[in-house]
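Let's walk through this one together, going from the domains to the ligand and then to a couple of helix pairs. Have the model open and follow along.

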Amino acid sequence: MSAAQQLNSVGHSINVYERADRIGGLMMYGIPNMKLDKSIIDMRVDIMEEEGIRFHTNCDIGGKGKNSVSMEKLIKENDIVLLTTGATKPRDLPIKNRDGEGVYFAMEFLGQNTKSLLDSDLKDDSFINAKDKDVIVIGGGDTGNDCLGTSLRHGCKSLTNFEILPELPKERLENNPWPIFPRVYKVDYGHEESREVFGKDPREYSVSGKEFLRDKNGKLTGIKTVKVDKDFKEIKGTEQTWKADLIFLAMGFLGPEDYLNKKLKLELDERSNFKAEHNIHQTSHPKVFAAGDCRRGQSLVVWAINEGRAAAREIDRKIMGKTTLD
Ligand SMILES: Cc1cc2nc3c(=O)[nH]c(=O)nc-3n(C[C@H](O)[C@H](O)[C@H](O)COP(=O)(O)OP(=O)(O)OC[C@H]3O[C@@H](n4cnc5c(N)ncnc54)[C@H](O)[C@@H]3O)c2cc1C
């Protein structure tokens with residue numbers, strides 16, 4: 001969106017293609033509504049439309065739906081194609097009994113919740129409902145925290161959050177000096193709210209999943225875990241069984257989904273993101289640029305905006321031979 005706005009402001013003709021039914025990426029269907037009111041995004045999209053940018057929703061580039069368009073067609077019909085497809089391939093936990101209901105990726109839970117909330121104020125029943133359920137969230141990062149906050153709002157019966165790493169220190173260690181990102185213990189809103197509702201912090205540290213547990217009908221009943229040391233080696237005798245009706249996997253993301261790149265075969269970096277230098281943004285294809293999470297890996301909105309603006313500047317320079325964008 002930031003690239004589209006910048007390029008439109010200097011007179012280029014812009015089409016934005018989005019496979020979801022609403023514009024906004026993870027700001028719309030990732031970050032929960034209680035953290036980011038979606039009317040702010042809608043307002044911004046309305047302004048951009050009035051400024052002449054054309055948005056195409058339900059249009060999966062390189063996908064199979066009836067509105068889909070191939071990358072080859074986009075490249076042929078446009079001067080430049082900018083990929084900003086995000087880093088949405090989730091890390092899985094392929095342990096025994098993974099298949100079947102009850103175990104979901106965090107984004108299935110969060111995305112469906114936001115869509116149902118916006119479509120019907122959660123009345124259409126088309127979301128994964130944590131009400132009165134024993135919920136376990138695997139992964140102690142920001143996405144896991146949003147699953148905690150959302151489960152609490154549904155009215156879950158219990159809430160536990162597994163983190164494979166040990167508890168972080170309260171203050172920076174010597175090997176983590178400023179300005180490196182501080183690797184210290186923090187309490188986010190999901191933890192605070194969980195303490196308020198259940199009287200304790202939901203986090204369990206150094207825990208690794210061994211096996212999902214299901215009854216004879218395949219219904220999820222819980223998970224078997226083991227404690228691990230700092231090198232992730234299992235510690236003998238620490239196996240434990242936990243009760244769960246719902247388990248959400250929030251263990252990070254593995255770069256952009258690859259179907260769009262099947263034929264094109266853009267070069268990827270060592271973390272399987274689209275390879276393109278920051279502040280240059282051109283990929284291995286001269287007409288294809290990349291910016292945001294699909295280039296940098298799962299990150300923050302400020303970086304997506306920064307990259308979108310930088311890519312716009314470089315695209316303008318490539319098309320016009322010079323640029324006034326900063
Ligand atoms: C649960 C969660 C919570 C977060 N909370 C915060 C937060 O509080 N603060 C913060 O700064 N950051 C947060 N982030 C990170 C932030 O949302 C992202 O870094 C940012 O949205 C990245 O922007 P982007 O435009 O690069 O990609 P995205 O926002 O991921 O957008 C990519 C878009 O491309 C679409 N797309 C993908 N493939 C195709 C295709 N083939 N055809 C058409 N469309 C396609 C996707 O549907 C998506 O809408 C959070 C992330 C998650 C997962």
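Seven residues of domain 1 are in contact with ten residues of domain 2, where contact means that the C-beta atoms of two residues, placed from the backbone, lie within 7 Å. On the domain 1 side that touches domain 2, you'll find three nonpolar residues, three polar and one charged. For these classes, Ala, Val, Leu, Ile, Met, Phe, Trp, Tyr, Cys and Pro count as nonpolar, Asp, Glu, Lys and Arg as charged, and the others, Gly among them, as polar. Domain 1 covers 2-89 + 254-320 and domain 2 covers 103-249, with bounds that come from an automatic or database domain assignment. Their C-alpha centres lie 30 Å apart.

A quick word on what you're looking at: this is a predicted model, so local features need pLDDT of at least 70 and side-chain atom pairs count only at pLDDT 80 or more, while totals for chains, interfaces and linings use all residues. Residues are numbered from 1 along each chain as its sequence is written.

Now the ligand. It is surrounded by 30 residues, and the closest are Gly25, Leu26, Gly86, Gly292 and Ala304; a residue is near a molecule if its C-beta atom, placed from the backbone, lies within 6 Å of it. Helices H2 (26-29), H6 (142-154) and H9 (301-320) are the elements that give two or more residues to this shell. Helices here are DSSP runs (H or I, at least four residues), numbered from the N terminus. Domain 1 and domain 2 each supply at least three residues of the shell. By class, the shell has twelve nonpolar, eleven polar and seven charged residues.

Take H6: its axis and that of H5 (residues 106-120) come within 10 Å and cross at roughly 50°, with axes being lines fitted to C-alpha atoms over the stretch in contact, and angles running from 0 to 180 degrees between N-to-C directions. That makes H5 oblique to H6, because angles under 35 degrees count as roughly parallel, over 145 as roughly antiparallel, 65 to 115 as roughly perpendicular and the rest as oblique. On the H5 side, the contact is made by Ala106, Phe109, Leu110 and Asn113, and on the H6 side by Thr143, Gly144, Asp146, Cys147 and Thr150.

Then there's H9, whose axis comes within 7 Å of that of H1 (residues 2-9), crossing at roughly 35°. Here Ser2, Ala3, Gln6 and Leu7 of H1 meet H9 residues including Ile305, Gly308 and Arg309.
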